[in-house]
Amino acid sequence: MNTVLDTSTVEAVEDNVGESMWSKAAYKFRRDRAGMIGFYVVVFYMFVALGVTLGLWGTEWSDNNGQKWEGVSSEYWFGTNILGQDIFERAIYSTKTAFEVGLVVAVISTIIGAIFGALSGFYSNSWIDEIILWIMGVLDSIPFYLFVAALAFALSGFPYAMHVAMIATFWTTTSRLVRGEVIKLKNFEFVEAAHAVGVPQHTIIFRHILPNTFHILLVQSTIVFVGAIKSEVILSFLGLGVKDGVSWGLMIAESTLEVQAGEFANFYAASALLFILVMAFNSFSDAIQDALDPRKVSA
Amino acid sequence: MSNKIPLLSVRDLVVEFNTERGLVRAIDGISFDVMPGETMGLVGESGCGKSVTSLAILGLVPSPPGKITAGSIQLNGRELVGLPESEYRKIRGSEISMIFQEPMTALNPVFTIANQMTDVLARHQKIRGKQAKNRAIEMLELVGIPSPDKRINEYPHQLSGGMRQRVMIAMALSCNPKLLLADEPTTALDVTIQAQVMEQIVKLQHDLGTAVVLVTHDLGVVAESCQRAVVMYAGRIVEQSPIVPLFQNPQHPYSAGLMASIPRIRAEKVDELPTIPGTVPDLLHLPDGCRFADRCQYSDERCHKEQPDNKITDSREVACFHPCGEAS
Amino acid sequence: MSVLLDVKNLSKHFPIHGGFFHRVVSQLKAVDDVSFVLEKGKTMGLVGESGCGKSTLGRAVLRLHEPTGGTVVLDGTDITKLGAQALVNARRDMQIIFQDPYASLSPRRTIQQTLLEPLETHNIGTAESRQEKIEELLDIVGLRKHILHRYPHEFSGGQRQRIGIARALTLEPKFIVADEAVSALDVSVQSQVLNLISNLQRKLGISFLFISHDLAVVQHICDDVGVMYLGRLVEKATATSLYKDPKHPYTKALLSAIPTPDPTIKNERQILKGDVPSPLNPPSGCTFRTRCPKAMDICAQKAPVEVEVGTKDEPHWVACHLFESS
């Protein structure tokens, strides 16, 4: 018989549902009211953006059928702008632009940040680390808007120049955070244990260490999402952003003229929608961070 | 019991913690006394509530999520439970002091020893400047730190673990408190340093007449330095006794099991170490009856249904229906 | 008695960088010229206090830290000379159990994944045979099958340590380093896990290098014991011999410092003065001389060599000038 130890010493493990960090976090998150409201608002916006992509609404953003500066009416819910375009349609369409930019930049920069951060942290103080840190340092020291302008010029015509510029600069923060966490994690015994078993180093990095940074990556990606949207607004305002299509930034840019003439509808529409989304996302992001924090005790 | 008045008197103390998984009673109705000048050991394993007990005495139970929900703690007749923070601050350091387990983290790394010690003295004894520093140097000498006048100007990281612990003891005793709570003071130290530090605590206790509550899981340390011991299990006290009878004739099956299973240097090797089967119960899912019943070889149906009451004989108390095998 | 592990002059020095350009300014001699032999099926204890280098030695023997000098011959093969792939293969014969049950299991992997990993890494068996193997292992360490889909944080320290032991057994190693394997456990759980380890040693014939600061634990479970101080092995003997008749002043002080759980015994305490010197700047000659109650002039000049003071049946050597015949 193989049993070396009397099973009367076996400790019973409660049959509770497998409690992973995520299920605990979801539970905590659901109890955070501000976070839940933020979450619902974001989901609503996402729904709107999806509808635009599928062509369900917001399709008439470029039609200029209306009179210049018409007031709010049943046909034009937010009125029209200087070119007679429907502000409401334009605002709705901009949601799609915002989400597109946000998602693309958040996802790709997080992936790049995670990979470089993991390599940099695992091989800390070696030449790999030095090179990556140097690249990060260089990218961080270039003023953001100059960099985008330069890239936009260099890639003139390429519709995703702005996205590329944002990704190229936003990954560094994620990378730094991941690097710090990986340096801490690589000294844990479970990494040594994998090494002792003979697991190759790259497998250790991606199978054992990186999954323990997912909570950081999640929070960081939400922050980048919002950052990307806000940057896009400024870039479009400066004329470096979205070329075809419309975005809140473009609307705000257009509205500078209109505001001087006393017409605020365009400005309000774009700003309000932007503001609400950013607030909601921030509150959602805070709630996720709290939910994932093992030390925070809920009431 | 002699008719000395206890220095510290704890009665039916209950401390609860509001955790995500529910309400946990870290301490469920404990009562004990500490006499002036005596060293009392508070023994138990992790989760038994011994650390929470010392925090409760000092009013340091983190709140939220914890709270003293019932019972009383009296210091020289004065009730401490419910005392406002401003009053408690006058007591901490001057009447009751505490030393902690981790000397690495208990001292503030950005202040010198001199700074931290004189701070304590200024607060409670109202002495400052040169006078405070001299008193601090005296205390450091008392705890056996070589060249105290030089070392007092150093930062915590420049001292070894054993030295830091001695500094903590010096700080704790600098205002001549009546009671010293020592929470696992030597667990993080090497055994040769542990011997030095324990010797120090015992010597100071003799010289200054301080009562000491020594919270630990190390029965060896208890045997060598305590006069009485209280054994805790899963939030309750299972046995209280003067030290020699406790070790020679433990009454509660848990105390007996603990003593038997602790690895110790023996004259002859044994094939298998005696063990206490099973593990400590989850405080969220406590059984109805005696908390130790599941692991006890003497337990019967009654033990699983009812909480055992306290049996008092001479100066010993045990909460058990079958103290070490006797029929109840 | 055949020899399983033959360690000769093993050293592990860590370079200390300082100044401009990270120059190497000095060496931290964590392990310095250590030699010992471990026989098949036996357990050797390695004791010493913090900073003595025992954990580093355990890892250097497994080449988890690359040794700076010396050789380690495991069952006839010098593992210090192996290339990368050969070393990975050699790891099947030597495993390790860690001290901290909370940090030694990968938090985002289920127990099943953790236990299967060694088998998958070395391409052993088929999916079915692997599953069978890990279930058998759980049985051996006294845990139930249904824990496989759970995560480490759902278990207690003692249970995690058993899982760690199961993992170490997966590859059927000849030799296991147990680095303070029970130190982080509650006292009443320690004895359970110790019994498990000694049972495994007897039934599966695995040799253990049992590292611990707790001399009482070591006495119970080890056949031989080595005492380390500041990177050097100062005494080695059979367990019986060491505890009955310790020779080195440090060993004597160590044994007398242990508090006895018996209030009627008044211990003749040999309290060592001072603290352990910094390993960055160890004393010349014998590193223990600054705290030794019996230090002589020669102790500052020359490092002591091993002197055999035991018998053929009870080998016992000590590195101390007190025992050198002139």
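Guide: In this predicted model, the centres of domain 1 and domain 2 of chain C lie 28 Å apart, taken over C-alpha atoms. Domain 1 of chain C covers 3–222 and domain 2 covers 247–326; the bounds come from an automatic or database domain assignment. Nine residues from domain 1 of chain C and seven residues from domain 2 of chain C make the contact. Two residues are in contact if their C-beta atoms, placed from the backbone, lie within 7 Å.

Look at the domain 1 side. Strand 2 (23–39) and helix 7 (215–221) of chain C are the elements that give two or more residues to it. Strand 2 of chain C gives the most, with four residues. Helices (H or I, at least four residues) and strands (E, at least two) are DSSP runs, numbered from the N terminus. By class, this side of domain 1 of chain C has five nonpolar, two polar and two charged residues. Ala, Val, Leu, Ile, Met, Phe, Trp, Tyr, Cys and Pro count as nonpolar; Asp, Glu, Lys and Arg as charged; the others, Gly among them, as polar.

Chain C also meets chain A. Here 25 residues of chain A are in contact with 39 residues of chain C. Helix 7 (residues 189–197) of chain A gives the most to the chain A side, with seven residues. That side divides into 11 nonpolar, 10 polar and four charged residues.

Now chain B. In strand 3 (residues 39–43) of chain B, five of its five residues are buried, with 20 or more other C-beta atoms, placed from the backbone, within 10 Å of their own. In a regular strand the side chains alternate between the two faces of the sheet. B:Thr39, B:Gly41 and B:Val43 are buried on one side of strand 3 of chain B, and B:Met40 and B:Leu42 on the other. Strand 3 of chain B runs parallel to strand 8 (residues 211–216) of chain B, joined by five bridges; strands pair if DSSP finds at least two bridges between them. B:Thr39 has B:Val212 as its bridge partner there. Four bridges, again parallel, link strand 3 to strand 9 (residues 228–233) of chain B, where B:Met40 stands opposite B:Arg228.

Confidence next: chain B averages a pLDDT of 86, on the predictor's per-residue confidence scale from 0 to 100.

Residues are numbered from 1 along each chain as its sequence is written, and chains are lettered from A and ligands numbered from 1 in the order in which they are written. Local features need pLDDT of at least 70, side-chain atom pairs count only at pLDDT 80 or more, and totals for chains, interfaces and linings use all residues.

Terms used:
Buried ≥ 20, exposed ≤ 12 C-beta atoms within 10 Å, placed from the backbone.
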